Structures are given as structure tokens and as C-alpha cells.
Amino acid sequence: MRITFHGGAQGPWAVTRLVAVAGEGLAPVARLRVDAGAAEEAPDSVWRLAGVVGHARYATRAEIDTLAAMQPPLARPEATCAALIPIRKSPAWWALAQDERRAIFEETSHHTAIGLRALPAVARRLHHGRDLGEPFDFLTWFEFAPAQADAFEALVAALRATREWDFVEREVDIRLVRD
Ligand code: HEM
């Protein structure tokens with residue numbers, strides 16, 4: 001499933017923060033719209049980012065089962081806060097073999113183990129843009145209730161301190177609320 005994020009003047013999500021964490025940022029926008037399906041032109045779009053929701057690359061069977069048992073769905077009524085964090089990894093990351101990337105992702109950085117601690121409070125969806133020729137390899141999307149905002153901040157900080165993030169060359173952090 002192809003998902004397009006439109007940054008501009010319209011959409012149900014109001015942008016509360018948009019910062020460049022690494023590399024080039026994105027132009028400031030007031031609102032965000034999330035479109036499933038074709039990335040049709042939106043006249044008000046300042047920028048448009050697309051990604052495909054695909055299969056898991058690194059998760060083991062046990063991890064997939066644990067995630068499936070714990071992860072909440074998107075669009076829960078109480079989850080009025082969201083984060084869109086587009087990320088591109090370095091050529092050094094992509095030059096690694098699958099087993100080497102998995103080892104850095106989980107055995108060294110404990111990405112899934114750290115992430116599981118935030119469940120079931122945080123709903124997530126990962127979109128892949130790299131093979132679409134998009135500027136970001138990943139569009140990561142999270143939804144949570146306002147009371148979970150501090151816990152989400154701690155989660156992001158923990159992940160950014162890992163070895164995996166040494167390979168992140170571009171990252172933009174966009175925070176949103178739904179009115
Ligand atoms: C990938 C879990 C939070 C960024 C993954 C994968 C899992 C996962 C299981 C691997 C999917 C696969 O097998 O391909 C979680 C959980 C989280 C969480 C449970 C808790 C909410 C985050 C956060 C960020 C993030 C907060 C960004 C700051 C990424 C990225 C990838 C990824 C960029 C793709 C990595 C790659 O393929 O190289 N996550 N994650 N995750 N996650 Fe998370």
C-alpha cells in the first residue's frame with residue numbers, strides 16, 4: 001500500500017514542531033494530510049513524501065508474533081498526537097549485507113526491544129521510500145495519546161543513542177496534533 005504525506009495548508013493534523021535532526025530539513029508547513037493510494041497532486045502541498053507499507057525485513061518470527069500481540073491499531077480516538085519522522089540512512093548502511101544490518105539493528109542496538117517497551121501506548125507504521133526513488137528511505141509514523149508524549153520522547157532519545165543511528169544521515173522530526 002502506497003501512502004503519501006502532504007505537508008501544506010490543509011489536512012486534519014496540525015504541525016506543532018518541525019526540526020531537522022540530521023542533514024537537510026523540510027520547509028515549514030502548518031498542516032499534514034495522509035493519503036492512501038495514488039500520490040495525486042495536491043495544489044496546496046509544499047512538500048510530498050511517499051512510501052510503501054511492505055513486509056518486515058529484519059524482525060524474526062518471535063518478534064513479529066510479539067509485536068502483533070502488543071501493537072495497537074492506528075486511528076484510535078484517544079491518540080490525538082502523532083509523529084512523522086522521515087529518515088535516510090548512509091551509503092555505508094546500504095553497503096552492508098542483510099545479516100550485518102540485522103545484527104546492528106537488533107543484537108547491537110536493540111531497536112525492537114526498546115520499541116516494545118513503548119507498546120501498547122504507541123501505534124506505528126513503517127513506510128519504505130528508497131526503492132521509489134524518494135528522498136527518504138523510511139517514513140516512520142507514530143500515534144499516541146497526549147499523556148504518552150514524554151514516554152515517546154524518551155523512546156526517540158533512546159533509539160537516537162544507538163549504533164544504528166550512526167548510519168542515519170538525514171532525519172526530520174515532525175510532531176502533530178489532531179484537532
Ligand atoms: C524499523 C519496531 C519506534 C525508526 C523497525 C522494525 C521494527 C520496529 C520491528 C523492523 C521492521 C522490519 O523487520 O523491517 C519499533 C517499535 C517502536 C519503534 C515497536 C515503538 C514505537 C521507532 C521510532 C523510530 C523508528 C521512534 C524513529 C525515531 C525505525 C526505522 C526503521 C524501523 C527508520 C527501519 C530500519 C531499517 O529498515 O533500516 N522498527 N520501532 N522506530 N524503525 Fe522502529
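This report walks through one protein model, from its overall build to a few single residues.

## About the model

The model is predicted, so local features need pLDDT of at least 70 and side-chain atom pairs count only at pLDDT 80 or more, while totals for chains, interfaces and linings use all residues. Residues are numbered from 1 along each chain as its sequence is written, and side-chain values use heavy atoms, leaving out hydrogens and water.

## Overall build

Let's start with the architecture. The protein has 5 helices and 8 strands; here helices (H or I, at least four residues) and strands (E, at least two) are DSSP runs, numbered from the N terminus. Their order from the N terminus is β-β-β-β-α-β-α-α-α-β-β-α-β.

How big is the box that the C-alpha atoms of the protein fill? Taken along the principal axes, that box is roughly 45 × 35 × 30 Å. The radius of gyration is 16 Å, which agrees with the value near 16 Å for a compact globule with 179 residues. This radius is taken over C-alpha atoms, and the globule rule is 2.2 Å times the number of residues to the power 0.38.

## Inside and outside

Buried residues make up 44% of the 179 residues. Buried means under 20% relative accessible area, exposed means over 50%, and partly exposed is in between (1.4 Å probe, protein chains only). The accessible surface comes to about 8700 Å², with 57% of it belonging to carbon and sulfur atoms; these areas come from the Shrake-Rupley method with a 1.4 Å probe, and for residues, only the protein chains shown count as cover.

Contacts tell another part of the story. Of those between residues at least 6 apart in sequence, 78% join residues at least 24 apart, where contact means heavy atoms within 4.5 Å.

## The iron atom

Which residue is the only protein donor of the iron atom of the ligand? That donor is His111, through its NE2 atom at 2.1 Å. Donors are N, O and S atoms within 2.8 Å of the metal (3.2 Å for Na, K and Ca); water is not among the atoms, so sites may look incomplete. His111 lies in helix α4, residues 111-116.

## Two loop residues

Ser90 sits in the loop between β5 (81-89) and α2 (91-94). With a relative accessible area of 12%, Ser90 is buried. Not counting residues up to four places away in sequence, Ser90 touches Phe167 and Glu169.

Asp166 belongs to the loop between α5 (149-160) and β8 (168-178). Asp166 is exposed, at 54% relative accessible area. Although Asp166 and Trp93 are 73 residues apart in sequence, their C-alpha atoms are 9.2 Å apart in space.
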